[in-house]
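Subject: Structure for your review

Dear colleague,

Please find the structure below, followed by a summary of what was found in it. I would be grateful if you could read the two side by side.

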Amino acid sequence: MKPRIGVLPLFNQGDENLWINHYYFDGIVAAGGIPYLLPLLDDESELELLCHQFDGYLFTGGQDVDPALYGEEKLPECSYQAPRRDSQELFMLKRLLELDKPCLGICRGVQMMNVACGGTMYQDLPTQFGTAVDHAQMGKAEFTEPFHSVSIVPGTVLHSIIGESSVMVNSMHHQAVKDIPDCFTVSAKSEDGLVEALEHKTAKCFFGVQWHPEFLWSQHNHAKAIFGLLIDAAGNC
């Protein structure tokens, strides 16, 4: 039986529509899994059930993470938040880590992983993190086009599956992880030293990347390997 992957939904604030970019699903299917779009729920007993229903989970990109979750006041440059997403994802990430369920976080997903484990965030890179590296390619290049390089840290799981010391990735974010809790290992950085990937030191498979492999997997093996790691771990649960 193919591993079943629960995918956390994208969410429109105004009309409260749930949706998904098909590229996430395509990446899961190409790696050998079956994706399921999850509902957005408020009841923790129902969220608990969700945490037991699937073999693995993918936490998607989207809205800025609420700074209150890591003990900061919101800066003017911090964009809109999605409180219902924050609440659900925070609960599920903590619970899934306890259950040692395989999880992949992409963009906002890795940021939420960091916050769920006690880390902090850059609310806005242009104003808080001076860099010559452009981390937002929106309007400058197609999302399917790599935009800048990242260095993969030797000895990490990410390095073992990619097998390269440096890869080109896409980039579409203005927030990023800042302070990293001890439970995580940094597994990739961009040229300016910004953290681009994290993996949990003791969990079976609990990792995330700041870039968007869902747009790259069909043309770049390093992106396909990221989905493969999740599906392989979910298949061995």
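On a 1 Å grid over the protein atoms alone, a pocket is an open set of points where a 1.4 Å probe fits, with protein on both sides within 12 Å along at least five of seven lines; lining residues have an atom within 4 Å of a point. Grid points are joined across faces, edges and corners, and a volume is the space filled by probe spheres set on the points.

This is a predicted model, in which local features need pLDDT of at least 70 and side-chain atom pairs count only at pLDDT 80 or more, while totals for chains, interfaces and linings use all residues. Residues are numbered from 1 along each chain as its sequence is written, and side-chain values use heavy atoms, with hydrogens and water left out.

Pocket

The volume of the largest pocket is about 550 Å³. Its lining comprises 25 residues, and Gly61, Gly62, Gln63, Met172 and His212 lie nearest the centre. At least two lining residues come from each of strand 2 (10-11) and helix 4 (108-116); helices (H or I, at least four residues) and strands (E, at least two) are DSSP runs, numbered from the N terminus. The lining divides into ten nonpolar, eleven polar and four charged residues. Here Ala, Val, Leu, Ile, Met, Phe, Trp, Tyr, Cys and Pro count as nonpolar, Asp, Glu, Lys and Arg as charged, and the others, Gly among them, as polar.

Nonpolar cores

A nonpolar core is a set of buried Ala, Val, Leu, Ile, Met, Phe, Trp, Tyr and Cys residues joined through side-chain atoms within 4.5 Å. Buried means under 20% relative accessible area, exposed over 50%, and partly exposed in between (1.4 Å probe, protein chains only). The largest such core has 32 residues, of which Ile5, Leu58, Leu104, Leu158 and Trp211 touch the most other members. Elements giving two or more residues to this core include strand 1 (4-7), helix 1 (22-30) and helix 7 (221-235). Helix 7 provides the largest share, eight residues. Apart from this core lies another, of 27 residues, including Val110, Val115, Met121 and Leu198.

Within the largest core, Leu158 touches Ile152, Ser187, Ala188, Ala197, Glu199, Trp211 and Ile226, residues up to four places away in sequence not being counted; contact means heavy atoms within 4.5 Å.

Leu38 is found in the loop between strand 4 (34-37) and helix 2. Because its relative accessible area is 3%, Leu38 is buried. Beyond its neighbours within four places in sequence, Leu38 has contacts that include Gly6, Leu18, Phe54 and Met92. Leu38 and Leu18 are 20 residues apart in sequence, with 9.1 Å between their C-alpha atoms.

Salt bridges

The whole structure contains eight salt bridges, each being a side-chain nitrogen of Lys or Arg within 4 Å of a carboxyl oxygen of Asp or Glu. Arg4 and Asp55 form one of them (3.7 Å, N to O). This pair links distant parts of the chain, 51 residues apart, with Arg4 in strand 1 and Asp55 in the loop between helix 2 (44-53) and strand 5 (56-59). Arg4 is partly exposed, at 28% relative accessibility.

Glu98 pairs with Arg95 in a salt bridge, with 3.0 Å between the closest N and O atoms. The two are three residues apart in helix 3 (residues 83-99), so about one helical turn separates them. Glu98 is exposed at 60%, whereas Arg95 is partly exposed at 22%.

Lys140 forms a salt bridge with Asp134, the closest N and O atoms lying 2.7 Å apart.

Yours sincerely
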